[in-house]
Amino acid sequence: MSTPAAPPSICVVTGTDHRQFEQLFLLRGSLQRYCPGLRLHVCDFGLTDPQHQILRRTGLLLEMPAGMAGRSHPWHY
(Lines give C-alpha, C1' and ligand atoms only; values in the text may rest on other atoms or scores of the structure.)
Protein backbone atom coordinates (compact mmCIF):
# COMPACT_ATOMS: atom_id res chain seq x y z
CA MET A 1 0.00 0.00 0.00
CA SER A 2 1.46 3.38 -0.95
CA THR A 3 0.78 6.69 0.71
CA PRO A 4 -0.77 9.46 -1.36
CA ALA A 5 1.56 12.17 -2.61
CA ALA A 6 1.39 15.51 -0.86
CA PRO A 7 -0.31 18.26 -2.85
CA PRO A 8 2.12 20.68 -4.49
CA SER A 9 3.09 23.73 -2.48
CA ILE A 10 2.13 27.01 -4.06
CA CYS A 11 3.52 30.42 -3.22
CA VAL A 12 3.34 33.93 -4.63
CA VAL A 13 6.59 35.68 -5.52
CA THR A 14 6.62 39.38 -6.31
CA GLY A 15 9.12 42.19 -6.14
CA THR A 16 9.00 45.85 -5.28
CA ASP A 17 11.05 48.95 -4.77
CA HIS A 18 10.68 51.71 -2.20
CA ARG A 19 8.05 53.55 -4.26
CA GLN A 20 5.56 50.66 -4.36
CA PHE A 21 6.27 49.18 -0.93
CA GLU A 22 2.87 50.08 0.54
CA GLN A 23 1.09 48.08 -2.19
CA LEU A 24 2.50 44.90 -0.64
CA PHE A 25 0.22 45.31 2.35
CA LEU A 26 -2.87 45.32 0.13
CA LEU A 27 -1.65 42.17 -1.61
CA ARG A 28 -0.74 40.48 1.66
CA GLY A 29 -4.11 41.29 3.23
CA SER A 30 -5.97 39.99 0.20
CA LEU A 31 -3.96 36.75 0.16
CA GLN A 32 -4.50 36.21 3.88
CA ARG A 33 -8.24 36.73 3.47
CA TYR A 34 -8.92 34.80 0.27
CA CYS A 35 -6.03 32.32 0.12
CA PRO A 36 -5.16 31.43 3.71
CA GLY A 37 -1.98 29.40 3.91
CA LEU A 38 -0.61 30.70 0.61
CA ARG A 39 2.93 31.94 1.16
CA LEU A 40 4.09 35.37 -0.09
CA HIS A 41 7.74 36.11 -0.93
CA VAL A 42 9.00 39.57 -1.88
CA CYS A 43 12.14 40.31 -3.89
CA ASP A 44 14.04 43.46 -2.96
CA PHE A 45 14.27 45.59 -6.10
CA GLY A 46 15.36 48.79 -4.37
CA LEU A 47 13.89 49.01 -0.88
CA THR A 48 15.06 51.39 1.80
CA ASP A 49 16.84 49.92 4.81
CA PRO A 50 13.77 50.23 7.09
CA GLN A 51 11.52 48.58 4.45
CA HIS A 52 14.09 45.84 3.98
CA GLN A 53 14.12 45.21 7.73
CA ILE A 54 10.31 45.02 7.92
CA LEU A 55 10.21 42.33 5.24
CA ARG A 56 13.11 40.42 6.78
CA ARG A 57 11.47 40.53 10.24
CA THR A 58 8.17 39.22 8.85
CA GLY A 59 9.88 36.44 6.87
CA LEU A 60 8.75 37.76 3.48
CA LEU A 61 12.08 38.96 2.10
CA LEU A 62 13.93 37.38 -0.78
CA GLU A 63 17.31 39.02 -1.27
CA MET A 64 18.09 40.57 -4.64
CA PRO A 65 19.82 37.97 -6.83
CA ALA A 66 23.49 38.60 -7.63
CA GLY A 67 24.00 40.72 -10.72
CA MET A 68 20.59 42.40 -10.52
CA ALA A 69 21.51 45.62 -8.70
CA GLY A 70 21.70 48.93 -10.50
CA ARG A 71 18.84 48.64 -12.97
CA SER A 72 17.11 51.90 -13.79
CA HIS A 73 13.51 50.76 -13.22
CA PRO A 74 11.96 47.91 -11.20
CA TRP A 75 10.13 46.61 -14.30
CA HIS A 76 13.52 45.66 -15.72
CA TYR A 77 13.88 43.07 -13.00
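## A quick tour of the fold

Starting at the N terminus, the elements of this protein follow the order β-α-β-α-β. What you're looking at is a predicted model, where local features need pLDDT of at least 70 and side-chain atom pairs count only at pLDDT 80 or more, while totals for chains, interfaces and linings use all residues. Residues are numbered from 1 along each chain as its sequence is written, and side-chain values use heavy atoms, with hydrogens and water left out.

**Overall picture**

- Of the 77 residues in the protein, 25% are buried; here buried means under 20% relative accessible area, exposed means over 50%, and partly exposed is in between (1.4 Å probe, protein chains only).
- Take the contacts (heavy atoms within 4.5 Å) between residues at least 6 apart in sequence: 55% of them join residues at least 24 apart.

**The nonpolar core**

- The largest nonpolar core has nine residues: Phe21, Leu24, Leu31, Leu40, Val42, Leu47, Leu55, Leu60 and Leu61.
- Such a core is a set of buried Ala, Val, Leu, Ile, Met, Phe, Trp, Tyr and Cys residues joined through side-chain atoms within 4.5 Å.
- Helix α1 (23-34) and strand β2 (39-44) each put in at least two residues of this core.
- Leu31, one of the core residues, touches Val12, Pro36, Leu38 and Leu40, leaving out residues up to four places away in sequence.

**The cavity**

- Searching the whole structure turns up one cavity of 30 Å³ or more, and the largest cavity holds about 50 Å³ of space.
- A cavity here is a set of points, on a 1 Å grid over the protein atoms alone, where a 1.4 Å probe fits but cannot get out; lining residues have an atom within 4 Å of a point.
- Grid points are joined across faces, edges and corners, and the volume is the space filled by probe spheres set on the points.
- Leu24, Phe25, Arg28, Leu40, Ile54, Leu55, Thr58 and Leu60 line the largest cavity.
- Both α1 and α2 (49-57) supply at least two lining residues, and α1 gives the most, with three.
- By class, that lining has six nonpolar, one polar and one charged residues; Ala, Val, Leu, Ile, Met, Phe, Trp, Tyr, Cys and Pro count as nonpolar, Asp, Glu, Lys and Arg as charged, and the others, Gly among them, as polar.

- His41 is in strand β2 and is buried, because its relative accessible area is 19%.
- Setting aside neighbours within four places in sequence, His41 is in contact with Cys11, Val12, Val13, Thr14, Leu60 and Leu62.
- His41 and Leu62 are 21 residues apart in sequence, yet their C-alpha atoms are 6.3 Å apart.
- His52 is in helix α2 and is buried too, with a relative accessible area of 11%.
- Not counting residues up to four places away in sequence, His52 touches Asp44, Leu47, Leu61 and Glu63.

**Cysteines and a loop glycine**

- There are zero disulfides (pairs of cysteine sulfur atoms within 2.5 Å) in the whole structure.
- Cys35 is partly exposed at 33% relative accessible area, whereas Cys43 is buried at 13%.
- Gly37 sits in the loop between α1 and β2, and Gly37 counts as exposed because its relative accessible area is 79%.
- The C-alpha atoms of Gly37 and Cys11 are separated by 9.1 Å, with the two residues 26 apart along the chain.

Conventions
Helix = DSSP H or I, 4+ residues; strand = E, 2+ residues; numbered from the N terminus. 1 Å grid on protein atoms, 1.4 Å probe; cavity = no way out; pocket = protein on both sides within 12 Å on 5 of 7 lines; lining within 4 Å.
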